[in-house]
Amino acid sequence: MKRTIMGREVTCAVTDGKLDFGTWEQIFYGEFDGMRRKRVLIKIIGE
């Protein structure tokens with residue numbers, strides 16, 4: 001249930017090589033189903 005509410009993807013803007021967050025934007029990682037091997041996928045779109 002927590003995973004459904006929290007989601008599992010995030011889209012972030014990058015400006016001049018740095019994450020471009022608004023005043024109240026942050027990235028949090030929550031692990032709700034115990035320690036497992038994780039995989040991170042980064043997709044770069046744009047120029």
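Is Asp 16 buried or exposed? Asp 16 is exposed, with a relative accessible area of 78%; here buried means under 20% relative accessible area, exposed over 50%, and partly exposed in between, using a 1.4 Å probe and protein chains only. Hold on to that residue, because we will come back to Asp 16, which is exposed.

Hello everyone, and a quick word on the ground rules. This is a predicted model, where local features need pLDDT of at least 70 and side-chain atom pairs count only at pLDDT 80 or more, while totals for chains, interfaces and linings use all residues. Residues are numbered from 1 along each chain as its sequence is written, and side-chain values use heavy atoms, with hydrogens and water left out.

Now the overall picture. The chain holds 1 helix and 2 strands, in the order α-β-β from the N terminus. Helices (H or I, at least four residues) and strands (E, at least two) are DSSP runs, numbered from the N terminus. The C-alpha atoms fill a box of roughly 35 × 25 × 15 Å along the principal axes.

How confident is the predictor? The mean pLDDT, a per-residue confidence from 0 to 100, is 82 for the chain, and 96% of the residues reach 70 or more.

Of the 47 residues, 0% count as buried. The accessible surface is about 5700 Å², with 55% belonging to carbon and sulfur atoms; such areas come from the Shrake-Rupley method with a 1.4 Å probe, and for residues only the protein chains shown count as cover.

Val 10, Val 14, Leu 19, Phe 21 and Ile 27 make a nonpolar surface patch of about 470 Å². Patch residues have over 30% relative accessible area and no salt bridge, and nonpolar side chains are joined within 5 Å; a salt bridge is a side-chain nitrogen of Lys or Arg within 4 Å of a carboxyl oxygen of Asp or Glu. Ile 27 sits in the segment after strand S2 (18-19) and is partly exposed at 46%.

Back to Asp 16, as promised. Asp 16 lies in the loop between strand S1 (14-15) and S2, and has a positive phi of about 55° although it is not a glycine.

Finally, Arg 8 is in the loop between H1 and S1 and is exposed at 66% relative accessibility.

Conventions: Patches are made of residues with over 30% relative accessible area and no salt bridge: like charges are joined within 9 Å, nonpolar side chains (Val, Leu, Ile, Met, Phe, Trp, Tyr) within 5 Å. pLDDT is the predictor's confidence in each residue, from 0 to 100.
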